[in-house]
Every structure is written in C-alpha cells, then in structure tokens.
Amino acid sequence: MKRFSFVILCVVALAVVVFSGETSIVEAVTCNPIELSPCLAAIMMPSQPPSAACCSKLKEQQPCFCGYVKDPTLKQYMNNPNIPKVASSCGVAYPPKC
C-alpha cells in the first residue's frame, strides 16, 4: 500500500509541475525580410490597400523591424515612407526610432 501511495504522490507532483508552468506557447519569429513580399504592391502603389496576407506578415515580422532598419543592406528599403502607412493600415506599429 505504501508503494501505491508513493506512485500516486509522484504522479500528482508531476502533474502539478507540468500544469503550473506557463500555459501559453510563444513561437519564435524567424526574421526574414522576404516574408514581407506580400506587401510590395501596397508599398509601391500607395493607393492600393494592403492585403490580408500582407497584414498577417507585418504582424508576424513586427519584432524584426528594428533589425531590418539597422541592417545596412535593408535600411534603404525600410526607410520607404509608404511602409509606416501600410503598417498603420494593418494596425501594426512601425517603430519611429530603433
């Protein structure tokens, strides 16, 4: 009987440890400026609203914006004045300074 009680105690302790942690799963973002390609039409033609795919990618890649701006090869593209407008249309904050 003591062995059975010990096993039950171990199972309960394991369950407490497993379920007491963070329950939400956070996915890491892979910063890849190519992922923003669905936004090209809206960036190049300001009269065209961004697509749902564009907005989705902007939201996904938002943590990467400062890295893109600081990258010498991407900086000239990220300084396009239409990018903040497209981001705003999607409800995505574009960082004013990084």
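Guide: Let's begin with contact, or touching, which means heavy atoms within 4.5 Å. By that rule P33 touches Y68 and L74, not counting residues up to four places away in sequence. Please keep in mind that this is a predicted model, where local features need pLDDT of at least 70 and side-chain atom pairs count only at pLDDT 80 or more, while totals for chains, interfaces and linings use all residues. Residues are numbered from 1 along each chain as its sequence is written, and side-chain values use heavy atoms, leaving out hydrogens and water.

Visitor: Why is N82 called buried, P33 partly exposed and P46 exposed?

Guide: Buried means under 20% relative accessible area, exposed over 50%, and partly exposed in between, using a 1.4 Å probe and protein chains only. N82, in helix 6, has 13%, so it is buried. P33, in the loop between helix 1 and helix 2, has 34%, so it counts as partly exposed. P46, in the loop between helix 2 and helix 3, reaches 58% and is therefore exposed. N82 touches both I43 and P46, not counting residues up to four places away in sequence.

Visitor: What makes a set of residues a nonpolar core?

Guide: Its members are buried Ala, Val, Leu, Ile, Met, Phe, Trp, Tyr and Cys residues, joined through side-chain atoms within 4.5 Å. The largest such core has 19 residues, and M78 and Y94 are among those with the most contacts inside it. Helix 2, helix 3, helix 4 (65–70) and helix 6 each supply at least two residues of this core. M78 touches F65, Y68, V69, I83 and Y94, again not counting residues up to four places away.

Visitor: And what makes a space a pocket?

Guide: On a 1 Å grid over the protein atoms alone, a pocket is an open set of points where a 1.4 Å probe fits, with protein on both sides within 12 Å along at least five of seven lines; lining residues have an atom within 4 Å of a point. The largest pocket is lined by 16 residues, with P33, L36, L40, I43 and Y77 nearest its centre. Helix 2 gives the largest share of that lining, three residues.

Visitor: How do you know how many of the lining residues are nonpolar?

Guide: Ala, Val, Leu, Ile, Met, Phe, Trp, Tyr, Cys and Pro count as nonpolar, Asp, Glu, Lys and Arg as charged, and the others, including Gly, as polar. Sorted this way, the lining has 14 nonpolar residues, two polar and no charged.

Conventions:
Helices (H or I, at least four residues) and strands (E, at least two) are DSSP runs, numbered from the N terminus.
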